[in-house]
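These are my notebook entries on a structure with several chains. I went through the contacts between chains and then through selected elements.

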Amino acid sequence: MLDYITSYLKSDTTPGQAGNFFWAFVYILLIFLGLSVAVIAMNWLERKILAHMQVRLGPMRVGPHGLLQPIADALKLLIKEDIMPAEADPVVFWIAPLIVVITAFTVFIVVPFGPTHAVTDMNIGVLFMLGVSSLSVLGIVTAGWASNSHYPLIGALRSSAQMVSYEIAMGLAVISAVLMTSLNTDGTGTLSMIGIVQAQQAQQTWFIFKFFPLGLIAFFVFAVAMVAETNRAPFDLPEAESELTAGFHTEYSGFRWSLFFLAEYSAMIAVSSIAVTLWLGGWMRPFPHWLTGETWDLVFSLFPGVTFVLLALITFYSTIRMPKHPYFRVQTIGLAGFGAVLGLIGLLLFVPPVRDRIQDIYWFAVKVAGFMYLYIWYRGTFPRYRFDQLMKVGWKVLLPIGLGVLIVTGILGVVLS
Amino acid sequence: MPEETKAPTPPPSGPPKAAAPHAPAAPAKPAGPTPEPWSSGLVTTLKRQYGSGIREASTYLGQNYMVVDSSLIPELLQVLRDQEQFDYCVDITAVHYPQREKQFDLIWILYSFARNQRIRVKIMIADGEVVPSSVSIWPTANWLEREVYDMFGIRFEGHPDLKRILLPEGWKGHPLRKDYGIIQQDNEWVQINLGIESGQ
Amino acid sequence: MTERSSHLELEQADKTYLDSNELIINMGPQHPATHGVLRVILKLDGEKVLGTECVIGYLHRGVEKIAENRTYTMFNPYVDRMDYVAAVSNGLGYCEAVEKLLNVEAPSRAKYIRVILTELNRLASHMLWLGTHALDIGAITPLFYTFRDREEILKIFEKYCGARLTTHAFRIGGCQYETYDGFEEDVTKFLKFVTPKIDEYEQLLTTNRIWVERTRGVGVISAADCKALGVTGPVLRASGVKWDLRKAQPYAAYSDFDFEIPTGQSGDTYDRYLVRMQEMRQSLRIIEQAVGKIPDGPIMAKVPKVMKPPVGEVYHSIEAPKGELGYFIVSDGSTQPYRVRVRPPSFVNLQALDQMVRGQLVADVIAVIGTLDIVLGEVDR
């Protein structure tokens with residue numbers, strides 16, 4: 001048994017490829033845990049960032065600077081009364097959020113956080129991700145249908161039309177990235193997520209800069225389509241609050257609603273991961289071929305630790321600025337404790353063996369976090385598209401551009417090789 | 001409505017703007033304002049056309065109004081809109097005088113963009129009398145007439161959808177009548193629909 | 001329940017759910033975008049609106065009936081509760097109407113104070129409109145910016161009369177309160193503060209592609225239709241009619257000031273947006289002119305303690321932020337008005353909703369409700 005566990009450590013592939021179920025299970029647990037933490041953190045960050053964009057403070061009551069707010073919210077959602085409309089179809093009503101949440105989590109099987117840091121690597125990785133994530137539309141449609149109510153129905157129909165249309169543009173953008181992977185000596189491309197990153201490594205460029213500005217345009221098409229795909233502002237029509245109250249999940253509350261919420265955020269992380277893998281060099285650190293050498297390797301490997309130490313410093317600064325009133329004593333101590341934890345993590349990340357192992361994951365997470373910030377920024381800035389305009393953007397703008405980029409990439413690929 | 005009265009109407013020649021004193025801030029006001037006769041080309045034209053149908057045309061505090069026979073409605077309103085350019089119906093409202101034989105004053109407040117002039121047309125009607133609707137003249141009359149119906153119970157003939165607007169369907173009584181008390185309500189409706197004894 | 005019948009619902013009654021592609025949905029009275037308790041019954045073909053019907057009255061408080069049972073002075077605070085985002089305008093209209101009935105005129109100092117406060121209130125009302133309208137269309141951020149700046153106006157109100165929203169700022173015959181020390185400085189400071197803020201709103205929206213696409217060509221209403229439907233205020237002006245009661249029939253001290261009436265051409269939601277933004281700037285202009293030269297003198301005209309206006313009736317209307325706000329007051333010579341009729345701009349403007357949204361999409365209904373700038377307190381009274 002022990003041998004079975006340790007044997008994987010010698011291999012240099014993902015546990016899925018090595019056929020090691022134990023480590024695959026551990027990875028799945030880690031991803032599940034990390035994702036949940038990320039969703040919680042994202043929830044807090046979105047509220048805080050949006051609040052600061054909108055000249056307000058955001059959550060401030062539960063814990064210092066509202067740090068415990070997401071946990072309080074999660075608790076509240078779990079103990080809330082479970083309401084199901086009398087006219088709803090109970091079985092389908094239950095299954096719908098499960099479908100959505102399962103699809104949202106399943107795609108993470110192939111997300112490569114590092115050369116070996118994935119549950120498994122498939123030779124159809126990208127296809128698998130797109131395929132599984134598009135299954136979530138099934139859950140949304142069933143949710144809208146099972147609610148047996150007008151607003152969710154309209155929301156679900158909007159959602160399915162939107163996701164199906166934008167998947168095409170998304171697919172075209174993905175294909176042009178996949179096409180770029182075949183620009184090597186033997187001319188074989190790959191759909192494997194790890195393979196795509198390795199191809200970027202081999203070609204010494206992120207695909208966003210490949211055939212400038214072709215890669216950038218393809219990336220742009222994908223970036224727009226992925227916002228639409230995840231039903232986020234400015235394409236949040238399926239859950240347009242001011243029109244459809246809450247769209248397909250109008251009738252959902254409590255735990256089932258929280259599943260939709262969880263799924264939405266993990267879907268955002270998932271599509272961002274695809275974007276990062278395909279165009280932004282996945283786990284690669286910035287300038288891996290330009291700033292080479294021992295020194296640069298060392299400098300870049302210090303980044304994770306520095307980030308956490310900086311976060312800790314911000315926390316300590318906030319601790320000092322906490323009101324001195326005795327009422328806030330517990331909160332101040334809590335914040336200081338939180339800062340201490342962050343600082344300890346930061347220091348831990350300076351330790352060489354940890355430092356080397358964490359790097360890939362760190363750079364991947366940072367890139368994904370950039371996308372998350374963009375999502376929040378969009379939400380704070382843009383009004384919502386109307387349904388016909390949304391369709392117009394999808395079919396008349398993104399689709400032709402995606403197609404054009406694909407063709408030109410193909411031609412350039414043939415001509416230049 | 002008699003159509004033949006319309007035929008001899010001379011086309012209005014030059015709206016008599018100067019004849020209608022309309023500055024709200026008239027320089028010097030008499031100590032006790034009284035309605036003064038309102039003489040203007042408009043009144044002359046209308047009087048020529050309708051004779052004693054125009055019962056009174058006066059100015060009070062710089063505001064012009066005329067009291068007309070209820071049989072002139074809606075023809076007079078049509079004439080006012082089409083020939084005298086009163087193209088904006090500001091408001092339709094009513095006042096209840098329970099002591100009078102003809103209990104209701106029904107008032108149209110009209111405005112002319114071209115003349116920058118506002119007039120009121122008033123008729124007196126008895127309880128239960130039906131008034132022709134003016135929705136076909138000014139579409140805005142739709143809700144305004146519904147409100148008058150809701151509040152006073154005056155019915156308008158030819159209104160496309162005459163039903164209560166502010167009070168709920170099925171409410172009994174018309175609150176702005178003087179015999180409707182201030183704390184009076186339709187207890188039955190409240191009990192059935194809200195499930196409470198009384199709304200007070 | 002004796003459900004209110006709607007002709008749309010009745011039409012639907014003999015059809016079964018599967019028979020038709022038409023869907024009757026009920027927007028409101030509890031809905032995030034109906035600005036209160038407005039219920040709109042929509043008949044939809046997919047996303048297209050085939051017809052609408054407004055059901056109103058959820059906030060009916062019988063203001064006109066209350067008026068008949070209160071003295072002229074006692075009724076004054078009630079009018080603030082109609083259009084509660086533009087309470088000062090309501091008060092101005094009522095006070096001027098009663099003054100006209102009494103045949104007195106407010107002293108010019110009072111008139112200037114009235115103009116300043118009313119224009120500040122117009123700004124506040126337009127800011128609230130902008131925030132909620134943008135929120136309806138999906139831009140959530142302008143709401144917080146406008147509320148931040150509206151707060152400064154409310155602070156001035158609070159310092160002037162103690163109340164922020166339902167101010168009851170004016171009295172029949174003038175103003176009850178003299179301006180507080182530093183009133184003029186506060187207003188001037190506010191003018192300096194708010195001018196760049198309006199640019200900030202415009203920066204967020206005016207050239208924003210999505211905003212333009214969402215509003216241009218949406219809810220078009222022609223000038224002729226506006227007049228026929230009695231629609232007034234910015235909606236009428238956006239259709240190209242240069243008509244503003246402040247110019248057409250000046251009241252208070254408006255004839256002393258130099259300002260323009262912004263108009264639009266196409267009568268769509270975008271034009272209405274631009275007109276209101278321009279109006280905010282014009283209001284600033286009026287305030288700027290007024291605040292420098294508030295004349296000295298009394299703030300109250302000679303009005304009797306017990307008001308008994310002579311028998312007669314009077315209609316007086318002002319340009320409220322939402323359109324023509326009129327008061328028709330009948331006096332029977334007693335201390336209480338015999339009849340007070342309020343001609344609310346929101347009520348009449350709301351009637352145009354059906355025509356503006358027919359044939360458009362559901363999302364446009366929201367945009368149009370927002371652009372009509374209705375306040376349900378005033379619609380239902």
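How many residues does the contact take from chain A and from chain C? I counted 22 residues from chain A and 26 residues from chain C. I note at the outset that the model is predicted.

**Entry: chain A against chain C**

I looked up which elements of chain A give two or more residues to the side that touches chain C, and found helix H11 (241-244), helix H15 (352-381) and helix H16 (387-416). Sorted by class, this side of chain A has nine nonpolar, seven polar and six charged residues.

**Entry: chain C against chain B**

I then turned to the contact of chain C with chain B, which takes 38 residues from chain C and 35 residues from chain B. On the side of chain C, two or more residues each come from helices H2 (63-68), H9 (223-228) and H13 (345-350), and from strands S6 (312-320), S7 (323-331) and S8 (337-343). S7(C) provides the largest share, with four residues. By class I recorded 14 nonpolar, 13 polar and eleven charged residues on this side of chain C.

**Entry: the sheet of chain C**

I next examined the strands S6, S7 and S8 of chain C, which form an open sheet in the order S6-S7-S8 with antiparallel pairing. S6 and S8 of chain C are the edge strands, each pairing on one side only. With direction ignored, neighbouring strands of the sheet are turned by 15° against each other on average. I found six bridges joining S7(C) to S8(C). C:Ser331 stands opposite C:Pro337 in S8(C). I also noted that H4(C) lies across S6 and S7 of chain C and runs at about 150° to S6(C).

**Entry: helices H4 and H5 of chain C**

I checked how H4(C), residues 87-102, packs with H5(C): the angle is about 140° and the axes are 8 Å apart. The two helices are therefore oblique to each other. H4(C) makes the contact with C:Val88, C:Ser89 and C:Leu92, and H5(C) with C:Arg114, C:Leu117, C:Thr118, C:Asn121 and C:Arg122. The class count for this contact is three nonpolar, three polar and two charged residues.

I then took H5(C) by itself. The helix covers residues 108-137, 30 residues in total, and reaches 43 Å from its first C-alpha to its last, close to the 44 Å expected. H5(C) is mostly covered, with 29 of its 30 residues buried. After H5(C) comes C:Gly138, whose phi is positive, near 110°.

**Entry: A:Ala169**

Is A:Ala169 buried or exposed? I found 26 other C-beta atoms within 10 Å of A:Ala169, so the residue is buried. A:Ala169 is found in helix H8 (residues 150-181) of chain A. Leaving out residues up to four places away in sequence, A:Ala169 touches A:Val221, A:Ala225, A:Gly394, A:Leu398, A:Leu399 and A:Gly402. I also looked up the separation of the C-alpha atoms of A:Ala169 and A:Ile401, which is 8.5 Å, although the two residues are 232 residues apart along the chain.

**Entry: chain B**

From the N terminus on, I read the elements as β-α-β-β-α-β-β-β-β-α-β-α. Of its 200 residues, 38% count as buried. Among the contacts in chain B with a separation of 6 or more, 48% are accounted for by residues 24 or more positions apart.

Technical notes: Residues numbered from 1 in each chain as written. Chains lettered and ligands numbered in written order. Predicted model: local features only at pLDDT ≥ 70, side-chain atom pairs only at ≥ 80, totals over all residues. Contact = placed C-beta atoms within 7 Å. Nonpolar A, V, L, I, M, F, W, Y, C, P; charged D, E, K, R; others polar. Expected span 1.5 Å × (residues − 1). Buried ≥ 20, exposed ≤ 12 C-beta atoms within 10 Å, placed from the backbone. Axes fitted to C-alpha atoms, helices over the stretch in contact; angles between N-to-C directions. Parallel < 35°, antiparallel > 145°, perpendicular 65-115°, else oblique. Pairing = 2+ DSSP bridges.
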